[in-house]
Every structure is written in C-alpha cells, then in structure tokens.
Amino acid sequence: MYVEITKDIEVSVQPAYVPEKSSPEENYYFFAYKVRIKNLGGVTARLTDRHWIITDGQGQVEEVKGPGVVGET
C-alpha cells in the first residue's frame, strides 16, 4: 500500500494483480487499484477532479485527468 498526506488529506492506493485479465505470454499484466481518500482535518473537503500519473514497470507514463472519480464528486 502506498500512502501520501497533503494538506490534511490522506490518499492511499493498494494495487492488486489480476491474473484472469492478464496474459503474461503476451507480456500483458493487468492491475486494479483501490484508492482511499480520507480527510484528516477539521475543514470540509470535496473531491472535484482527479489527476493521476501512473508509471508502469517499464517506465511508461500514463496521465489521467477528469472530473470527480469515475465521474462522481
């Protein structure tokens, strides 16, 4: 699990390998991610958009931006 705290907001990410969606013989490995966002402060916060930078094991970077998380805020 990876955890980072910024301005009293804790974000933890737990990656999990999904073998049934992977094809190692084709060098394709599928991972799912459980993301938890926790407000540690006394001020109300709202998630309005997301910006993830994902780097795979071969150094390829994918950037994801958009409103909310899976379209919800």
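Student: What volume does the largest pocket have?
Tutor: In this predicted model, the largest pocket has a volume of about 920 Å³, where a pocket is an open set of points on a 1 Å grid over the protein atoms alone that a 1.4 Å probe fits, with protein on both sides within 12 Å along at least five of seven lines. The volume is the space filled by probe spheres set on the points. Local features need pLDDT of at least 70, side-chain atom pairs count only at pLDDT 80 or more, and totals for linings use all residues. Residues are numbered from 1 along each chain, and side-chain values use heavy atoms, without hydrogens and water.

Student: Which residues lie nearest its centre?
Tutor: The largest pocket is lined by 22 residues, of which F31, Y33, I54, T55 and D56 lie nearest its centre; lining residues have an atom within 4 Å of a point.

Student: Switching over, what lines the second largest pocket?
Tutor: The second largest pocket, with a volume of about 420 Å³, is lined by 15 residues, and I9, V11, I37, L47 and D49 lie nearest its centre. Strand 1 (2-6), strand 2, strand 3 and strand 4 each give two or more residues to this lining, and strand 4 gives the most, with four.
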